[in-house]
Structure formats: C-alpha cells, structure tokens
Amino acid sequence: MERFKLVLHLAIAVLAILGMRPAQAQDAHLSIMTGASTGTYLQIGRDLDNLMQQCGQALEVVESAGSLENFLAVRQRPNTQFGIVQSDVLEYMQTFAGNDPAVARAITGVRIAFPLYEEEVHILARRDIAGLADLAGKRVAIGVENSGTFLTASLILSLAGVEPAEKLLVAPADALPQLKAGQIDAFFYVAGAPASLYTEGDIDGDRFHLLPIQDPTLQAVYSPATLAGGTYGFQLEPVELVAVKAVLMTYEYDPSRNAYHRASCKGVSDLASLILTRIDTLRAEGHPKWQSVDLTDIPPGWDVGTCVNRGLDPSYQLSCPGSAPQAVPDSEANEAYRRNICAVIGC
C-alpha cells in the first residue's frame with residue numbers, strides 16, 4: 001500500500017497548496033461529493049438532493065474521482081458537508097494516521113453521517129480470462145489515483161498475489177471502450193449494482209464477463225457477495241464476488257464557532273432527519289441499493305457526527321418551507337371567544 005500512501009500525501013499537499021479549507025461564509029451552500037457520471041455514488045447523491053428539495057432545500061451533487069477525493073474534500077473543501085467514501089479507504093486512512101502526522105491531520109474532524117450499502121467489486125474481462133489469477137501478465141485498468149477503485153484494486157491484486165503485466169490508471173468509463181477495442185484485457189470498478197456503466201454500456205456477453213472472486217483471503221478481508229443472474233444483460237448467471245461498504249461522511253461542525261459552522265450543522269441535521277424519517281421514500285423511489293441500507297451498521301473506529309445525532313433526536317424541529325404549519329394551541333382568551341361565537345352562529 002505504499003503507492004496509496006504516496007497518492008494520499010500528494011492529494012493532501014495539493015489541497016494545502018490550493019488553500020482548500022472550511023469556508024467562513026455567512027450562509028452555507030450544501031454539497032455532496034459523489035463519483036463519476038456512470039457510478040452509483042452520483043445516483044445516491046441525486047436521491048439525497050431530491051429528498052432535500054422536498055423540504056425546500058438544495059444539495060449540490062458534485063462529480064469526483066471517488067473516495068479519496070471525497071474524504072479530503074469533506075475535511076478541506078469549502079461548502080462540502082458530505083462525501084461518499086468506501087469503508088476500506090476509511091480503514092487505511094486510519095491505519096496510516098497512527099504513525100503519520102500528515103494523514104492524522106487530514107482525518108481530523110471527519111465523522112460518519114450514515115452507513116450506506118455494499119458496493120460490489122466488478123472486474124470485467126475477456127471471456128478467455130477465467131478468474132482473478134488469470135490477470136497475471138495481463139493489461140489491467142485499476143482506476144484513477146484519487147478513487148476508491150484504485151485502492152481496492154491495488155489491495156485485491158496484492159492480497160491475491162496477482163501481478164499484471166501493466167496496471168493502468170484509467171477510469172472505468174474510459175476503460176470500457178479500451179476493453180472493447182482490445183487495448184486492455186480487464187478493468188476494475190467498485191460500484192453498487194446495478195451500475196449504469198454496465199446497464200448502458202452495450203456489452204457483448206459472448207466476448208466479456210465479470211470475473212468471480214472466490215479467494216478465501218479476499219473473502220476474509222471483504223464481504224462475500226453474490227451478483228444475481230440478470231443484474232446486467234450480458235451476465236445471465238450468478239457471480240460470486242466481494243463487496244465493500246459505502247459510507248456517507250461529514251464534518252464535525254461547531255455551531256458556536258461562526259455562522260458558517262451553524263448553517264452547515266443545520267444542513268447536516270436537516271438531511272439526517274430526512275434520511276431517518278423518509279428512508280421508505282428513498283427505498284421506493286431511489287436507487288435499488290437503498291433497499292439494502294442498514295443505518296445501524298457503523299464502520300468500526302469512526303464516530304457519528306454531533307450534528308447528525310442532533311438531527312436524529314426525536315425533539316429535532318425540521319423546518320421545511322412550504323410545509324403545513326404546526327397547530328398552535330389557542331390561548332384561554334381565544335378559546336372563550338370561539339365558544340361564544342359558536343354558541344351564537346354555530347360552528
């Protein structure tokens with residue numbers, strides 16, 4: 001994982017040069033870092049934006065390279081209260097933080113908002129490549145360096161003892177046409193199924209398939225998963241895979257610090273309240289992955305944000321513009337007035 005650590009340090013350094021730190025604006029503009037246009041993260045972000053819009057608010061959905069960029073953006077990018085991150089990225093960030101001050105600073109203040117769903121590790125390959133071990137000596141795209149796909153692909157290949165001839169830093173959306181053209185032999189993509197890259201990618205099932213991942217070591221590190229037959233048009237039979245959990249992250253805003261922190265904390269609390277109270281709406285109208293979300297499955301070693309818990313409190317008052325106002329009890333004088341009026345004219 002030395003390469004990942006180097007990438008992490010470079011990303012932290014770039015953010016420092018750009019001066020990306022929490023904004024001090026009076027009003028917080030809410031946004032969520034997601035992923036590529038063909039990925040599940042983007043669809044999940046849009047579902048959350050739709051939820052906020054039902055409450056008269058807006059959540060800007062920002063495309064990104066993926067998990068690492070999302071994590072660091074929550075820590076340092078202005079007006080970025082949320083980011084979707086893979087749990088193995090969280091695990092390795094935490095591991096590095098134990099003896100690396102730069103990484104320790106990078107994770108300071110980042111908190112859990114909600115655990116989400118399991119993301120399947122897709123490896124699309126030529127039909128003549130039967131399994132993971134057969135990627136040895138092949139040309140394999142492993143995602144771009146700020147992505148969770150890059151981390152997961154690097155770790156899986158290392159744990160399985162598989163050494164491709166080339167590990168290419170190519171995003172999945174760019175890797176698919178390269179695979180079709182014979183320029184690469186396979187590519188990794190970590191995404192919650194069904195991922196639109198595969199549903200809309202016009203993939204020939206006679207030429208390509210998803211590799212099974214049945215290595216006992218990998219199944220001990222990741223969650224074993226089965227991709228149902230017919231999930232994608234080119235993949236008619238079930239496939240045994242592994243999966244990693246996606247997690248919604250936020251920042252530990254302090255309402256007493258300044259107006260920006262107060263507004264951001266309120267935005268975090270509002271979204272937390274909406275997710276809790278309208279999870280059935282997300283499951284009915286959002287991406288199919290909402291149906292498997294377990295809000296209690298918190299990754300170990302990370303704390304839930306204070307502003308999140310504030311929004312989950314039964315006494316939290318969620319103010320949605322345009323919603324029906326709450327009934328206000330009449331005063332004693334008003335009650336007497338209504339009784340007298342009704343006695344004369346009827347009510």
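**View 1. The lining of the largest pocket, by residue class.** In this predicted model, the lining of the largest pocket has eleven nonpolar, three polar and five charged residues, where Ala, Val, Leu, Ile, Met, Phe, Trp, Tyr, Cys and Pro count as nonpolar, Asp, Glu, Lys and Arg as charged, and the others, Gly among them, as polar.

**View 2. The centre of the largest pocket.** About 340 Å³ of space lies in the largest pocket. Lining it are 19 residues, of which Ser 87, Asp 88, Glu 91, Pro 299 and Pro 300 are the closest to its centre. A pocket is an open set of points on a 1 Å grid over the protein atoms alone, where a 1.4 Å probe fits, with protein on both sides within 12 Å along at least five of seven lines, and lining residues have an atom within 4 Å of a point.

**View 3. The second largest pocket.** The volume here is about 270 Å³, a volume being the space filled by probe spheres set on the points. Of its 22 lining residues, Ala 36, Ala 65, Gly 66, Thr 149 and Tyr 189 are the closest to the centre. The lining divides into ten nonpolar residues, eleven polar and one charged.

**Notes.** Residues are numbered from 1 along each chain as its sequence is written. Local features need pLDDT of at least 70 and side-chain atom pairs count only at pLDDT 80 or more, while totals for chains, interfaces and linings use all residues, and side-chain values use heavy atoms, with hydrogens and water left out.
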